[in-house]
Amino acid sequence: MGTVHLTTADFKAKVFDYEKNAQWKYAGDKPCLIDFYADWCAPCRMVAPVLEELAGEYAGNIHVYKVDTEAEQELAAAFGIRSIPSLLFVPMSGPPQMVQGAMGKADLKRAIDEVLLNKK
């Protein structure tokens, strides 16, 4: 399936409507990983193909979303994105976890398994 690009409207429908809810409540049907990125960002471009691979490897188990911080500035501001890439790991229950900076495939897999899929 690959990664899915989200607009602010998509984010509110599929992940969390931060304008209507003060308390975090994930709206998705599977855990997700959200990549906040920009096209001009070299580390973001390095992470992108790894996220595509992981979206395929974990297809059916998680969603892998991408948010262009240049196009979706309101959304980036709502989540306090100051450094990219920023990766938001959203489990089905519990609070999301934000990681800033590029991560390698092994670290991403470990985070997906532990944070999103509860495999310890």
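Trainee: Which residue in β3 is the bridge partner of Y37?
Mentor: D68 in β3 is the bridge partner of Y37. The model is predicted: local features need pLDDT of at least 70, side-chain atom pairs count only at pLDDT 80 or more, and totals for chains, interfaces and linings use all residues. Numbering starts from 1 along each chain as its sequence is written, and side-chain values use heavy atoms, leaving out hydrogens and water.

Trainee: What makes β2 and β3 a pair?
Mentor: DSSP must find at least two bridges between two strands. Strand β2 (residues 32-37) and strand β3 (residues 63-68) share 6 bridges, in the parallel sense. That meets the rule, so they pair.

Trainee: What packs on this part of the sheet?
Mentor: Helix α2 (residues 42-57) does, touching β2, β3 and β4 (86-90). A contact is heavy atoms within 4.5 Å. The direction of α2 makes about 155° with that of β3. Axes are lines fitted to C-alpha atoms, for helices over the stretch in contact, and angles run from 0 to 180 degrees between N-to-C directions. Helix α4 (residues 105-116) lies across β2, β4 and β5, at about 30° to β4.

Trainee: What is the strand order, and why are β1 and β5 called edges?
Mentor: The open sheet of 5 strands runs β1-β3-β2-β4-β5, with mixed pairing. β1 (4-5) and β5 (97-100) each have a single partner strand, so one side of each lacks a neighbour in the sheet.

Trainee: How many helices and strands are there, and what counts as one?
Mentor: There are 4 helices and 5 strands. Each is a DSSP run: helices are H or I, at least four residues, and strands are E, at least two. From the N terminus, the order is β-α-β-α-β-α-β-β-α.

Trainee: Why is the link of C41 and C44 called a disulfide?
Mentor: The cut-off is cysteine sulfur atoms within 2.5 Å. The sulfur atoms of C41 and C44 are 2.5 Å apart, so the pair qualifies. The count is 1 disulfide. With 80° about the S-S bond, the link is right-handed.

Trainee: What makes C32 buried?
Mentor: Buried means under 20% relative accessible area (1.4 Å probe, protein chains only), exposed over 50%, partly exposed in between. C32 has 0%, so it is buried. C41 and C44 are both buried too. Of the 120 residues, 45% count as buried.
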